[in-house]
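The account below is to be read alongside the sequence and the model.

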Amino acid sequence: MRRMADWRPLERVQAVFSPTAALRRGATLMAAGKTGPAFQLYARAGRTGLAEAEYRVGRCYLDGVGVPPNRTEGIRWLERAAHHGHIEAHSQLAVIYLHGAPGEPDPKDASRSFDVSNIGDPDYATALRQARMAAEAGSGEAQAVLAFILSSGPEDIRDLDEADLWYERSAAAGCAQGMLGHALALNRKGGGEAVQCEVAVQLGKAAEAGLPAALYLLGVMSERGLGVARDEGAAAEFYRRAAEKGHRSSQARWGKALMHGIGVDANPSDGETWLRRAALAGDPEAAAALGDLYETGGNLPSNHAEAASWFRRAAEAGHKGAARSLGLLYFSGAGVPHDPEQGIQWFRISAAAGDGSACAEFGNLLLTGMGEEEDRVRLSKGFEQAAASGDPVAAYNCAVCLARGVGVARDDREAALWLRKAADRVPNAQFWYGRVLVEGRGVDRDVAEGRRWIARAAEVDMVDAQVALGEMMLTGAGGAYDPPGALALFEKAAANGHPAAMFASGVIYSGVYGILANHDVALHWFRAAAEHGHPAAQIMLERYVARKRRRPSRSG
């Protein structure tokens with residue numbers, strides 16, 4: 001120990017004269033935590049053109065170690081090191097330019113040189129050049145950076161085939177980022193079970209190095225049984241490890257696992273905490289899940305104001321389902337002021353993003369006259385284009401627009417033509433085409449043909465069609481007079497909550513159409529219809545109740 005101590009004065013003397021010794025002495029001081037003196041020695045050696053010293057000076061400036069952070073100076077020193085052939089300097093510069101190097105310093109504002117937030121737009125061309133130089137010299141990290149630029153940079157420099165080759169080389173060199181990229185490249189190309197297994201192997205190696213994205217993807221593969229055995233417990237553990245490293249999508253998945261006990265014992269309190277962390281970090285799925293949680297309440301009373309806050313956060317981040325949910329809250333006035341205009345605005349956003357339920361609801365709202373005229377015009381044109389391509393549902397909706405004059409001039413004849421095209425496959429179209437034939441609206445009146453189309457819709461349990469056909473059977477319109485058949489249809493529709501069918505069933509059981517009277521059953525249906533707000537049923541119910549007061553009810 002004494003002999004080593006005896007050499008230190010000599011080392012200090014050599015450091016004054018030898019750049020290499022100064023670099024070595026600086027490294028000793030840096031390891032001892034004496035960052036200021038270490039930086040001075042690095043700088044002394046760097047000024048002689050020693051590449052490793054220039055690189056270390058650059059890193060000190062970038063990291064603020066032994067000197068105030070100065071991004072511009074850090075890059076300048078790294079460029080000196082790269083000029084002298086330092087591979088890691090090239091690699092570091094590629095990352096810096098990829099994320100945006102600082103702009104030119106303002107000579108009138110020297111303080112800008114020390115502003116670590118002074119970062120410009122990405123310089124892909126420079127990043128590509130620096131990464132390629134280090135990659136070709138064998139740096140696995142630079143090979144991964146080069147592959148990333150070639151796969152995710154601007155269109156004019158993208159080359160997926162070359163990117164895949166560099167990812168493969170980087171992975172072979174043991175670079176965790178290269179393994180992750182190689183796994184993603186293999187997955188993108190697709191293949192059978194063998195490819196999925198290799199994807200899992202590469203992700204496993206990247207996960208061993210602690211990459212959160214690799215842990216997350218292994219969780220997804222374990223959850224779905226892709227390339228590995230399906231194991232919800234293993235998936236939850238991968239999500240937990242990545243979540244604790246700050247990976248927001250993993251935080252959301254781990255939170256959901258805890259909320260619902262998926263692969264782990266349920267812990268709703270911790271689950272909500274992780275969902276909240278992910279949502280506050282910008283994960284829209286987590287924010288939407290919190291909105292659902294607060295809207296439904298779970299084991300606690302619902303909190304619509306809190307739900308609206310999380311739905312808004314998710315919707316503003318592009319979550320289409322959350323946008324629809326927020327729109328529903330505005331229509332109901334739950335947690336937010338009742339504001340149909342705001343509601344339809346969020347439905348518009350959700351529908352434009354492709355939410356199927358929102359598309360249907362937004363379309364229905366437009367058909368009732370809500371929204372802007374340009375929305376209705378766009379809706380009508382969209383239906384017409386889809387209908388012209390052979391979509392039967394779009395043909396039906398196109399007919400509705402024409403019949404109601406929504407976004408287009410009203411045209412009953414054109415509406416009837418589209419209804420006929422849709423009627424072979426869409427029950428709603430069958431019913432409405434039958435109606436226009438019965439009424440002679442836009443077509444020559446043909447009650448018998450109309451009844452046949454309405455009967456087709458009734459056969460597939462369309463409630464309105466069952467009621468309409470029952471009414472025609474009671475009058476003999478377009479076909480046979482058939483009160484028993486009508487009653488059977490009315491009772492089927494009544495069982496599905498149709499108030500008019502309930503009332504009609506009550507009337508028939510009163511003995512009006514030659515069916516054996518059953519006043520108790522009639523009273524049942526009148527009461528059911530009255531409770532659904534049917535005005536005539538309410539009158540009949542009063543009469544039946546008054547009759548029961550005067551004498552006992554009879555049946556048969």
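Which residues in α2 meet which residues in α3? In this predicted model, the α2 side of the contact consists of Pro19, Ala22, Leu23, Arg25, Gly26, Ala27, Leu29 and Met30, and the α3 side of Thr35, Pro37, Ala38, Leu41, Tyr42 and Ala45. By class, the contact of α2 with α3 has 11 nonpolar, 2 polar and 1 charged residues.

The geometry of this pair can be described from the helix axes. Helix α2 covers residues 19-31 and helix α3 covers residues 35-46; their axes come within 8 Å and cross at roughly 160 degrees. Angles over 145 degrees count as roughly antiparallel, and α2 and α3 are therefore roughly antiparallel to each other. The crossing in which α2 passes α3 is left-handed.

A second pair is formed by helix α8 (residues 140-152) and α9, whose axes come within 8 Å at a crossing angle of roughly 160 degrees. That angle makes α8 roughly antiparallel to α9. Here too the crossing is described as left-handed, with α8 passing α9. From α8, the residues Gly140, Gln143, Ala144, Leu146, Ala147, Phe148, Leu150 and Ser151 take part; they meet Leu160, Glu162, Ala163, Trp166, Tyr167, Arg169 and Ser170 in α9. The residues of this contact divide into 9 nonpolar, 4 polar and 2 charged.

Helix α9, which spans residues 160-172, also contains Asp164. Is this charged side chain's residue buried or exposed? Asp164 counts as buried because its relative accessibility is 6%, and the cut-off for burial is under 20%. Apart from neighbours within four places in sequence, Asp164 is in contact with Ala185, Arg188 and Lys189.

Within α10, the buried residues are Ala176, Gly178, Met179, Leu180, Gly181, His182, Ala183, Ala185 and Leu186. Just after α10, Gly190 adopts a positive phi of about 80 degrees.

Note on methods:
Residues numbered from 1 in each chain as written. Predicted model: local features only at pLDDT ≥ 70, side-chain atom pairs only at ≥ 80, totals over all residues. Heavy atoms only, no water. Helix = DSSP H or I, 4+ residues; strand = E, 2+ residues; numbered from the N terminus. Buried < 20%, exposed > 50% of the residue type's maximum accessible area, 1.4 Å probe, protein only. Contact = heavy atoms within 4.5 Å. Axes fitted to C-alpha atoms, helices over the stretch in contact; angles between N-to-C directions. Parallel < 35°, antiparallel > 145°, perpendicular 65-115°, else oblique. Left-handed = near helix turned anticlockwise from the far one by under 90°. Nonpolar A, V, L, I, M, F, W, Y, C, P; charged D, E, K, R; others polar.
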